[in-house]
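Reader: I would like to learn how to read sheets and salt bridges in a model like this one. Please take me through it step by step.

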Amino acid sequence: MTEQPDHYCLRSQLSWRLVTLQAGLLAALVVVLIGALCASGVLVVPRDEDHVIAIVQRALARDAQGSLLLRPTAELKELRESTPDLWFLVRDRQGHSLSEGAVPSEFARIGDALDQISQARLGWQMFEDDPRKPPARLKRVNSDAGPVQVLTATQGPMTGARTVLATALAFLVITGLLLMAAATFVATPIVVRRAFAGLDTTADQARQIDFRQRGSRLSADHLPLEVAPLVTAINDALKRLDDGYSRHQRFVADAAHELRTPIAILNTRLESLPSGPEKTRLIEDAARLATLAEQLLDIQRFDQCRNPFVHVDLVAIARNVAADLAPLAIAAGYELSVETDGDRVETLGDRAALERALTNLVQNAIQHGGRRGAITVRVGRPATIDVTDEGNGIPPDQRTLIFDPFYRLAPLDRGAGLGLNMVREIARLHGGDVSVLDGPTGGACFRLTLPQAPNTK
């Protein structure tokens, strides 16, 4: 299975990657900002005070003198490591106390005033003038040291000011991300389109390059520096192709010119031979050689054709070609005739090229028509020429292949396989086409279709 090329849209790739990068940077900025706010005390992370009290409760014990102490439990150690600002105060009814951390003076002076309170939250109204002072949690619990009161600080729910600050921060973060994403998706395609605007012009130039027009090059003006080397490499490749094609054309032209002289001498010597079937076959072979030489020259001639098209009469072309090839057709056993829909059928084109195309079609009919019956050249309207024979016809599955260069219907065919290809190229040069149909008597019908000349009926 052939692997399909992996194509992607550069604008989409840039947009998504920029948005991802900006989102990552924004997230990192938010983390740093929240960390700074928490460190400064503006924002705090809530801590479960009951969890702290429970850890202290399980760690409490008494020494030999009855004083309170803390056993070094693993969870107490973990609590101390995870909570640098930890503080708590433990009291019993006998007046023994134990504290850890920086106990606020307001709570340290409470003393036995709250001995009858089993649990309470302190500080909401007492210190509302200073919201930075954290509230405290008081709870009476039973421990290994007996019933005690544990008082500890909490980082409880945020105040209204903190809530507004956190909400505003979240709103700014989300809004900033959406604005950056929208700006990226809008701005990135614009920036990329402007940066690569020259690529569209270069692509249009590449689409207009024709193999008949050597010397075409792509413009590297207004292109990004990253793309310019690609255009330069393509221009270098086009130059190498032009040089190679020119060498090929010179070789074909030189070879064809060199063949014309010995073929002319051969025809002269054949004319001096006595009449007979062998002379006829030799003359046909020499005619094919002459046709091959002319076709090789035509390849170069029509490739370099720069003459402006003029009004051409297809009826006159058909009659001229039939007159030139009538002796060859009759000698091969055919009747050659011309039929027309009128005295004049015009198209715009090159007369010599159209005569060569029709000559190739008639010679093809002479060679493959079975050496029997009639060959008919019919000029129809608006601008068509049909060449019909009474041979075996052409199988439908090969009717497009026969126009390929050097393709021959039969492996031992003596034709070179260039004539029909030349007909197709001439038809395309004129904006027309050539096709194969079934003849009325079972043979082949080659139809050359050309554009109708303007101002003709």
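**Sheets and salt bridges**

Author: Strand β14 (residues 444-449) and β13 pair in the antiparallel sense, over 6 bridges. Two strands pair if DSSP finds at least two bridges between them; helices (H or I, at least four residues) and strands (E, at least two) are DSSP runs, numbered from the N terminus. This is a predicted model, in which local features need pLDDT of at least 70 and side-chain atom pairs count only at pLDDT 80 or more, while totals for chains, interfaces and linings use all residues. Residues are numbered from 1 along each chain as its sequence is written, and side-chain values use heavy atoms, with hydrogens and water left out.

Reader: Which residue stands opposite C445 in β14?

Author: That residue is L437.

Reader: What is the order of the open sheet that holds β13 and β14?

Author: The order is β9-β11-β12-β14-β13, 5 strands with mixed pairing. Its edge strands, each pairing on one side only, are β9 and β13 (433-438). On average, neighbouring strands in this sheet are turned by 15 degrees against each other, direction ignored. Axes here are lines fitted to C-alpha atoms, for helices over the stretch in contact, and angles run from 0 to 180 degrees between N-to-C directions.

Reader: Which strands of the sheet does α10 touch?

Author: Contact means heavy atoms within 4.5 Å. Helix α10 packs on the sheet and touches β9, β11 (374-380), β12 (384-388) and β14, with its direction at about 20 degrees to that of β12. Helix α11 (residues 419-429) also packs on this sheet, touching β13 and β14, and its direction makes about 125 degrees with that of β13.

Reader: How does the sheet with the order β4-β3-β7-β6-β5 pair?

Author: That open sheet of 5 strands has antiparallel pairing. Its edge strands are β4 (97-100) and β5 (119-122), each of which pairs on one side only. Neighbouring strands there are turned by 20 degrees against each other on average, direction ignored. Strand β3 (residues 88-91) and β4 run antiparallel and are joined by 4 bridges; R91 has S97 in β4 as its bridge partner. Lying across β3, β5, β6 and β7 (146-153) is α2, which runs at about 35 degrees to β6.

Reader: Now the charged side chains. How many salt bridges does the structure hold?

Author: Side chains of opposite charge can pair when their charged atoms come close. The working rule is a side-chain nitrogen of Lys or Arg within 4 Å of a carboxyl oxygen of Asp or Glu. The structure holds 15 salt bridges. One of them joins the side chains of D50 and R137 (3.3 Å, N to O). This pair links distant parts of the chain, with D50 in helix α2 (residues 49-59) and R137 in strand β6 (residues 136-143), 87 residues apart.

Reader: Is R137 buried or exposed?

Author: Buried means under 20% relative accessible area, exposed over 50%, and partly exposed in between (1.4 Å probe, protein chains only). R137 has 10% relative accessibility, so R137 counts as buried. D50, at 31%, counts as partly exposed.

Reader: What separates E355 and R351 in helix α10?

Author: E355 and R351 form a salt bridge, with the closest N and O atoms 3.2 Å apart. They are separated by about one helical turn, because they lie 4 residues apart in helix α10 (residues 351-368). E355 is partly exposed at 24% relative accessible area, and R351 is partly exposed at 34%.

Reader: Which residues are linked in a network of salt bridges?

Author: D313, R344 and E346 are linked in such a network.
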